[in-house]
Each structure stands twice: as C-alpha cells, then as structure tokens.
Amino acid sequence: MNWQLLSLALTAVALAACGGGGSGGTATATPSTPTTPTTPTTPAGDPRLQTLRSDLDNPWGLAELPSGEWLITQRTGSLVRVSSDGTARTAVSGAPAVASDGQGGLLDVALDPDFGADPWVYLCFSEPGTGAEAGRAGTAVARARLSGTALQGLSVIFRQQPKVSGSGHFGCRLAFGRDKLLFVTLGERQQGSPAQDLTQTLGKVVRIARDGSIPADNPALGANARPGIWSLGHRNPQGAAVHPDTGELWVGEHGPQGGDEINIARAGANYGWPLVSYGCNYGDTVGNACRIGGGTHAPRFVEPLTTWTPTSVAPSGMAFYTGSLFPEWRGNLFAGSLAGQALWRLTVTGTSVTAKEPLFGNLGERFRAIKPASDGSLVLVTDSGKLLRLTR
C-alpha cells in the first residue's frame, strides 16, 4: 500500500452545519499560535487499514473490553458487543431510551477505570424529556454493570440542564482522568449564548465522580453556578482525550464556518464561544473580516491550540497514541473528522500542536470515533457503518 496515496489532502466541499454535516477543508494554524506547522515525518513500513465489519448502524462510540472485544454504541439506540477480529456481533440489552433525531441518540461509551473488579459501563446519550419537558432533549450519562450481553441496574448519574428543543450539538464524549473522575463534554445545543451562562450546563465540560456526585476540588465558579462545571465557552465538543503524560483533558470542538478548535480544558477556563471564534457566522462570506469577535481569543478567553480555517472539518473522536506498533507516532493525537472525511494525525510537542496531517482522505468516510487497542493498533468506526483497524 502506498502510504502517500492514503494521506491525500482533502478538497473543500459545500458548507453545511458543522454539527455533523459540513465541509471538508485544509488545516491552518491559529494566527496567534507560536509554532508553525511543519510537514510530519511519514511513518516507515506499511500501515494497513483493515475493514473488520461494514454492517454497523451509525456507530458513534467504542470501548475495548479486557477480553479484546469491543462495546460499540449505535446512534439509533442499541449497544453491541463485537469480537476483536470483528467476526462476531451480539446485541447487548438494557441500553437507555434515547432521542435519536438529528445528531442525537446513543452516543459515547466508556469503561470504569476499575472495570476488571466491578464491571461498570458508562453511556452518554441524548435523553428525551418527559412531562413539562416533553419534546425536548438533553445530554445525559447513565451507568450500568455489564453481565455478558446485558446491562444491569442502569441509572442516570448526570443530566444536562436545561433540556431544550432541537436535535443538534449534544457534545457527549466521555473521558476518565487519572484520578478516576469522569469528564463529560456538553454541546450548547445550537443555542449559542448559554455557553457563557454558568446557571446552565449547555456548552460546558463537566467533571463528576463515578456515582454522579460532584468532586470537592472542582473549580469554584460562584454561588449560582451549576454543580459540576469544569470549563465553559464550548460550542460542540465531540472529541475528548486525556493526555498520557500530563493527565489533562484535550477536547476537539466544531466551529461554525471554519474555526474548529483543539483545546486543553482546564479548571474554570473560558474558551470564548459564542463571543469569539476563528470561524464565521453562517451566511457570511468566509474570510478574516467575518471572524466572530475578531477571532483572537486572548486575553479574555483561552486561545485554541490550533484551528481549522477557513473551512470546517468537524473534528470528532480523539485519542493519543501510546502503543508500540507505531513507535514513530507515539505521543501523536489522532482525531476523526466528519465533514472533512479524514483521520487527522496531530504532532504534539508539550502543549503545542506543531503539525496536522489528514490521512485516508481518499476513502470518503466520516470517521466518527477512534480508540487505541491493546495490541497497539488503532480501531475506528465510521458513519457508513464500518469497524476499521489501522495496523501494520
């Protein structure tokens, strides 16, 4: 396989909503970023992208079990257990009811850090409202114990407040920190200004304990702030990964027309949405002049580590590579993209993104999620229903 062909740069397509539609595009560094992207070193050898299955139903999240099997969420509301080689698939009962319109549904999945001793599974999903909230939805997190092919004792441990109408920008990535506390990314549900409102959890990252309680060392954001808020000013963060050395949470989030961001979500920090963005409002002619709030975030807000401009790629699931199969990639950050239809490899030095490279852009796939496997490979799912393994 010619690796150069697999790394073809993306060509721009027509703009659409960045929450899941949107366009392909090229990557540029944020003007204020101190480092200039360089051409990454192409890995030696012959990386191979294997198709393990192609019959999944809108897969969204995945987690590797100790057995090497995979739990995979399907956005329409089901959870499946798939063998490590992809040959066997079994339905898992007991998933929560979801609002599966638009971008909503059964979204991310994560295993408890102590899963081997107590097999808790955590699910992030769009929860339909009831009673006075009927017709509305909000991001929620539930946990249950996995027993074979059944979830038992399911309970909701977190609910985004408030539930709102519409079917976009749920966020909904899960990531456990090294302290075994759970980060949850929350989109602003296409509402904009609530991302700056601490009385709501729209457009935030929250940090909760495994039972849903609030850690005592969460940032103090004022008496009126909703419990659990870790950071604010986010638009639609669909990527989350904990740095293997620093333990900090890195998030990828969708901009409007351009302005997709990679950030380090730090306690109490404000990332500016909807007041500033390197992207432009829909309907504007894209260019430097239309950048929301002038584009530059500092000093009031946190500058992104890197952005995609002028065209959005809609970054999705993210993972740091720490395996031995690709030693030349160790420490790199991988991010799927939806509108961009590529797997992005980001070279990271300290807290700087020094290069971005789109891989597999010739396949026309929307890469939804990526996770490192215990054998050193990378496992991915696509919106077309594929389960893929990047190996050598």
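Predicted model: local features only at pLDDT ≥ 70, side-chain atom pairs only at ≥ 80, totals over all residues.

Colleague: How much space lies in the largest pocket?

Modeller: Rolling a probe the size of a water molecule over the atoms shows where empty space is left. For the largest pocket, the space found comes to about 790 Å³.

Colleague: Which residues lie nearest the centre of the largest pocket?

Modeller: The lining of this pocket draws at least two residues from each of the strands β2 (59-64), β6 (106-111), β10 (171-176), β14 (237-242), β18 (315-320) and β22 (367-372). In total, 29 residues line the pocket. Those nearest its centre are Ala 175, Phe 176, Val 242, Lys 371 and Pro 372.

Colleague: How many residues of the lining are nonpolar?

Modeller: Sorted by class, the lining of the largest pocket includes 6 polar and 4 charged residues. The nonpolar residues number 19.

Colleague: Is Glu 127 buried or exposed?

Modeller: The side chain of Glu 127 meets that of Arg 159 in a salt bridge, at 2.8 Å from N to O. This pair joins distant parts of the chain, with Glu 127 in strand β7 (residues 120-128) and Arg 159 in strand β9 (residues 150-159), 32 residues apart. Arg 159 has a relative accessible area of 40% and is therefore partly exposed. Glu 127 has a relative accessibility of 10%, and the limit is under 20%, so Glu 127 counts as buried.

Colleague: In the salt bridge of Asp 179 and Arg 207, what is the relative accessibility of Arg 207?

Modeller: The two side chains meet at 2.8 Å, N to O. Asp 179 lies in the loop between β10 and β11 (182-186), whereas Arg 207 belongs to strand β12 (residues 204-208), 28 residues apart. Asp 179 is partly exposed at 43%. Arg 207 counts as buried, with a relative accessibility of 4%.

Colleague: Where does Arg 266 lie?

Modeller: Arg 266 forms a salt bridge with Glu 248, at 2.7 Å from N to O. Glu 248 is placed in the loop between β14 and β15 (249-253), 18 residues from its partner. Both count as partly exposed, Glu 248 at 23% and Arg 266 at 39%. Arg 266 lies in the loop between β16 (260-265) and β17 (306-308).

Colleague: Which residues are linked in a network of salt bridges?

Modeller: Side chains of opposite charge can pair when their charged atoms come close. The count of salt bridges in the model is 17. A network of them links Asp 112, Asp 114, Lys 180 and Arg 210.

Note on methods: Residues numbered from 1 in each chain as written. Heavy atoms only, no water. 1 Å grid on protein atoms, 1.4 Å probe; cavity = no way out; pocket = protein on both sides within 12 Å on 5 of 7 lines; lining within 4 Å. Points joined across faces, edges and corners; volume = space filled by probe spheres on them. Helix = DSSP H or I, 4+ residues; strand = E, 2+ residues; numbered from the N terminus. Nonpolar A, V, L, I, M, F, W, Y, C, P; charged D, E, K, R; others polar. Salt bridge = Lys/Arg side-chain N within 4 Å of Asp/Glu carboxyl O. Buried < 20%, exposed > 50% of the residue type's maximum accessible area, 1.4 Å probe, protein only.
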